[in-house]
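Here is my note on the model you sent.

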Amino acid sequence: MTTANVGYDVWPFIHVITSVDLSKYDYIIKIHTKRDVNEEYLFKIGNKFLFKPGSQWRNDLYEFLKTKDNFNKCLSALENPNIGMCTRFNLIHNKPNHCGVIDIAMEKWPKYLLDINDYSFVAGTMFIAKAKPFQIIKDMNITEDLFEKPTQNRKTQFAHLMERMFGAIIYKSDMVIQDPFTSDKILNSINIRYKCF
């Protein structure tokens with residue numbers, strides 16, 4: 001399946017999930033290529049976690065697939081009815097309006113905002129998740145023309161809103177995003193608010 005080069009990794013993903021019968025699947029895995037963070041700046045994504053220049057952000061995004069043990073821990077976690085998505089703890093961003101994305105969306109794309117305020121999302125959009133919540137995305141009837149060509153100037157695009165909505169659908173479905181492969185000792189020491197099951 002091919003798509004136009006718009007919407008970064010987000011439009012191709014939406015195109016795929018809207019082209020299949022999600023009821024036939026238990027889980028969705030979303031992965032894509034990821035360039036290094038520019039060595040000229042440190043990139044803070046929220047939750048007070050800092051990414052060093054280079055490959056750290058990409059490596060952390062791939063954490064759930066790095067080992068068979070990590071992957072199996074995700075599958076076990078997703079058997080819990082309260083957990084809907086898995087990724088590494090420092091990628092779970094609890095400020096959806098970071099960079100003013102929600103403010104911009106309220107003005108430009110209000111019909112694509114979900115009626116939920118308290119939620120987190122995965123900064124970088126790589127994860128394993130239950131398939132069922134993504135029916136909400138299918139029902140939004142999102143089309144290719146909403147997306148722009150990728151740029152590196154970090155200008156807010158529709159894709160950035162959908163990055164947040166991928167997390168919002170999990171919380172809208174009464175579930176949370178979880179890190180099942182980092183030890184409880186580490187998670188407790190940094191007071192991760194979603195570690196509650």
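1. Is Phe127 buried or exposed? Phe127 is buried, because its relative accessibility is 1% and the cut-off for buried is under 20%. Keep in mind that this is a predicted model.

2. Overall make-up. The protein has 8 helices and 8 strands. Of its 197 residues, 48% are buried. Take the contacts with a separation of 6 or more: 75% of them join residues 24 or more positions apart.

3. Aromatic pairs. The count of aromatic pairs is 10. One of them joins Tyr112 and Phe158, with 5.1 Å centre to centre and 80° between the planes. This pair is edge-to-face. Tyr112 is in the loop between helix H5 (101–108) and strand E6 (121–122), while Phe158 is in helix H7, so the pair ties together parts 46 residues apart in sequence. Both Tyr112 and Phe158 are buried.

4. Back to Phe127. Its ring pairs with that of Phe166: the centres are 6.3 Å apart and the planes are at 70°, so this pair is edge-to-face. The cut-off for that label is over 60 degrees. Phe127 belongs to strand E7 (residues 127–130) and Phe166 to helix H7, so the pair ties together parts 39 residues apart in sequence. Phe166 is buried as well, with a relative accessible area of 1%.

5. The aromatic cluster. Which residues form one aromatic cluster? They are Trp11, Trp109, Tyr112, Phe147 and Phe158. Tyr112 and Phe158 are the edge-to-face pair of point 3.

6. Trp11. This residue sits in helix H1 (residues 10–17). Its relative accessibility is 6%, so Trp11 counts as buried. Set aside the neighbours within four places in sequence. Trp11 then contacts Thr3, Ala4 and Val6, and also Ile142, Thr143, Glu144 and Phe147. Glu144 is 133 residues away from Trp11 in sequence, yet the C-alpha to C-alpha distance is 6.9 Å.

7. H1 against H7. How do these two helices pack? The axes of H1 and helix H7 (residues 158–172) are 10 Å apart, and the angle is about 55°. On the H1 side, the contact uses Val10, Phe13 and Ile14. On the H7 side, it uses Ala159, Met162 and Phe166. By class there are 6 nonpolar residues, with no polar and no charged ones. Phe166 thus meets H1 and also pairs with Phe127.

8. Lysines over rings. Lys30 lies over the face of Phe13, 5.5 Å from the ring centre. Phe13 is also one of the H1 residues that meet H7. Lys34 places its charged end over the ring of Trp57, at 3.8 Å from the centre.

9. Thr87. Where does Thr87 lie? It lies in the loop between strand E4 (83–86) and strand E5 (92–93). Thr87 is buried, because its relative accessible area is 0%. Residues up to four places away in sequence are not counted here. Thr87 touches Ile92, Val122 and Met126, along with Ile177, Gln178, Asp179, Pro180 and Phe181.

Methods: Residues numbered from 1 in each chain as written. Predicted model: local features only at pLDDT ≥ 70, side-chain atom pairs only at ≥ 80, totals over all residues. Heavy atoms only, no water. Helix = DSSP H or I, 4+ residues; strand = E, 2+ residues; numbered from the N terminus. Buried < 20%, exposed > 50% of the residue type's maximum accessible area, 1.4 Å probe, protein only. Contact = heavy atoms within 4.5 Å. Axes fitted to C-alpha atoms, helices over the stretch in contact; angles between N-to-C directions. Nonpolar A, V, L, I, M, F, W, Y, C, P; charged D, E, K, R; others polar. Phe/Tyr/Trp six-rings, centres within 6.5 Å; stacked < 30°, edge-to-face > 60°. Lys NZ or Arg CZ within 6 Å of the ring centre and 35° of its normal.
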